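Dear colleague,

Here is the structure I said I would pass on.

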Amino acid sequence: MMSLKDVPVGQTVRVVKIDGDGAVRRRIMDMGITKGTELYVRKVAPLGDPVELTVRGYELTVRKNDADIIKVG
Amino acid sequence: MALKFALAGNPNCGKTTMFNALTGSNQYVGNWPGVTVEKKEGKMKGKFGSSDTIVTDLPGIYSLSPYTLEEVVSRDYILGENPDVIIDLVDATNIERNLYLTTQLIETGVPVVIALNMADLLKKRGIRVDTERLGSILGCEVVPTSALRGEGLDKLAKQAAITGAENSHALPPEIFSKELEAAIKNVEMILPASIPQQKRRWYAIKILENDSKVSAQLSLSDSQLKVIAAERAAIEKKEDSDMESIVTDARYAFIQKAVKAAVKKSGEKLTTSDKIDQIVTSRIFGIPIFVGIMFLVYYLSINSMGGFFTDWINDVATPWVQEAVSNGLTALHANSVFISAISNGVIGGLGAVLGFTPQMAFLFLFLSILEDCGYMVRIAFVMDRVFRHFGLSGKSFIPLLISSGCGVPGIMSSKTIDQDNDRRLTIMTATFIPCGAKLPVIALMGGIITSYSVTGKFTAGGWMAPMMYFVGIAAVLISAVMLKKTKPFSGKAAPFVMELPQYHIPQPKTVLMHVWERLKAFLKKAGTVLFLATLVMWFLSSFGVEGGRFGLVDTPNSSVLAAIGGAIAVIFRPLGFGEWQPVAATISGFTAKESIVSTMGVLAHVASDASEDTAVVGQAIASWFPSAAAAFSFLLFNLLDSPCLAAIGTMAAEMNDRKWFWFAILYQNVFAYVSSLIVYQLWILPANGFTAWTAVAVVLLIIMLYLLFRPDPYKNMKTYSKRSVTEAA
């Protein structure tokens, strides 16, 4: 199990669980990142952060720091 | 009886467009998440049904969680104000995530009609939706619409009226596991009797999720809470997860099933939007493209396209009108004071301001295009890293960018920033970015500065505009770093989780409407506040005490304005503009920034005795500034000090706290003063040698550098700053 933060661009991964608590975690789940969801790491912003993901057919951007709580396999 | 429709949906799904189409009002539409921050009401157009029907546009939300201002506003409205029907807009091209909100809306006990919006794009994307099937799974009617093309709206309004009138409380589908459904039933039973049957499911789920706001609202007894906690614990243990995840997972699992049954996709392929995005926000080209676009926007609006029309108004139209009016009035044997008041005061002053209307129109046009096509939100993506380095979120960038058009909507859009500290910081610093009204000042002073350094004579210079834009950003970032290291602004960096909507070709109607709305506000201001301001300024500069008697004065130096300006000018002498005219102009700038120019215009006309040539007026204005450094310092001060009254009023409303508001005003003016002093004194150092003021400048600079580079005492803060969600309730 690794953190989403460490997934290289161009890879597709599956969410195993989401750590943390409170607003950020709820926000991430509300946006459709839930257990078992497929995430495609589409690109990294010019300055190396944040990352752009394809989730459930749309584009979502997440800071690496916030992506850290998303554990994928 | 009049029906109440509530429009709900995800941000950026065409909700405001739908609202405008249904009500005929001209609400502003943008292509970034969170344009509608407050709810708006309108009466439905007669052609869609009963014109008594009230339509409420709720803020765009992804969920009914208790964490953001928008979500709380929306759910309070739906549960507290009892609309007859919710029209739930679902973006057909992004159906999975949009239906997530739907699964929550159908639990609120208010009948729901789904508008499957952007249905016209489905065919192009090769998506087929079986609306009947989808409706039967979700337990509500589904009407395909295209708000933009006005398709399906008749049917939607008719269906909403029927559903609202029926007021049937069909229970929503059971979407959770057997155990969870049983727990919901148990909790429903112990809820207070005051909650109507059809709303019980929503409350039960929320309270199982441990929603603090709902718990507080219901004031349950200890024994009731114990029962709920036990139900929650049993399920959490069985699923080996927490309740929020269990509920969210189940909702999405239900949606996936529904989508599988009712939606057919024929192979995913890269859309044009994806292809554009690959280049525009790529690692290599992202930043150069951003800088290039911003430079182009400013260059085109100020220099080439806008500049052309501005020159024409200033050099041809205004003098022509002045002469015509002046001749006409002379022919009528009007009083010479009156002629001077009209020709020099009103027409001269307003002409100076109206002359910049084309530049502003072009700037608004370009910004609207950037907003509408979806690039604005990409800027937050590209720039977030930079902003985070300075302790702000990329989200702060949107208010700053809008402020480059006008500070008022810029400050208002800061509402989408969740954390209190970041929001306050953004409100305080947003107006450092030169707004449309400061452009005339920049153009005028830019001309004066170039005339000193390059050409030796006055030419209207626009190359200053892009530069002042970057100076504004620098001021924001410097302030952010300094303030972030103080206690009230400290806190963990705000989370950054944001949707990047698809690019689309800007809609001419939306863009032009937006430009017109902003221009109209400006012209209205020109017709009222500025009209009065120019008259007052003309009076103050033309009348005074001369030869022991009050009356029309021969030289403006003995005017009332000169006396007032002269008294205050002492304060500004260290900044290089100690003449009374620039000081008087600065004061008038607090009514509206563009009146700095009109005031200078009035003063220069008076001084040069009604010469209408821009170059002569420019020369007259230039004579108030001893050097390019002084002119620049004046420009810098007027760029950074407190904004115009309209923006100050907005700041007060958005801060919603008197102490913070006054702190913001104080900070802006002190920061403006100190920055201008440092720049001016160090600029003239080589020429003038070391003086006491140089020492002051150096000390201030050292203090500023210390505040900038000292280690952050709150660096390891683990907690987020407070969110004033309660304020919205």
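Predicted model: local features only at pLDDT ≥ 70, side-chain atom pairs only at ≥ 80, totals over all residues.

Cores. The largest nonpolar core has 185 residues, and those touching the most other members are B:Leu7, B:Ile87, B:Val113, B:Ala115 and B:Ala631. Helix H27 of chain B (residues 628-640) gives this core its largest share, 11 residues. Another core, of 18 residues, lies apart from it and includes B:Ile175, B:Ile184, B:Ile205 and B:Val214. Beyond four places in sequence, the contacts of B:Val113 include B:Val85, B:Ile87, B:Cys140 and B:Leu156.

Helix H7 of chain B. This helix runs over residues 178-190, and its end C-alpha atoms are 19 Å apart, in agreement with the 18 Å that its 13 residues should span at 1.5 Å a residue. Its buried residues are B:Leu180, B:Ala183, B:Ile184 and B:Val187. Seen down the axis, they fall within an arc of 105°, so they line one face of H7(B). The face turned away from them carries the exposed residues B:Lys178 and B:Met189. Among the elements covering the buried residues of H7(B) are helices H8 (200-208), H10 (222-239) and H11 (243-262) of chain B.

Contact between the chains. Chain A puts in 29 residues and chain B 28. On the chain A side, the largest share, seven residues, comes from H1(A). That side divides into 14 nonpolar, 10 charged and five polar residues. Strand S5(A) pairs with strand S9 of chain B (residues 497-499) in the antiparallel sense, over three bridges. A:Val62 has B:Val497 in S9(B) as its bridge partner.

Regards

Note on methods:
Residues numbered from 1 in each chain as written. Chains lettered and ligands numbered in written order. Core = buried A, V, L, I, M, F, W, Y, C linked by C-beta atoms within 7 Å. Buried ≥ 20, exposed ≤ 12 C-beta atoms within 10 Å, placed from the backbone. Helix = DSSP H or I, 4+ residues; strand = E, 2+ residues; numbered from the N terminus. Contact = placed C-beta atoms within 7 Å. Expected span 1.5 Å × (residues − 1). Arc of directions from axis to C-beta. Nonpolar A, V, L, I, M, F, W, Y, C, P; charged D, E, K, R; others polar. Pairing = 2+ DSSP bridges.
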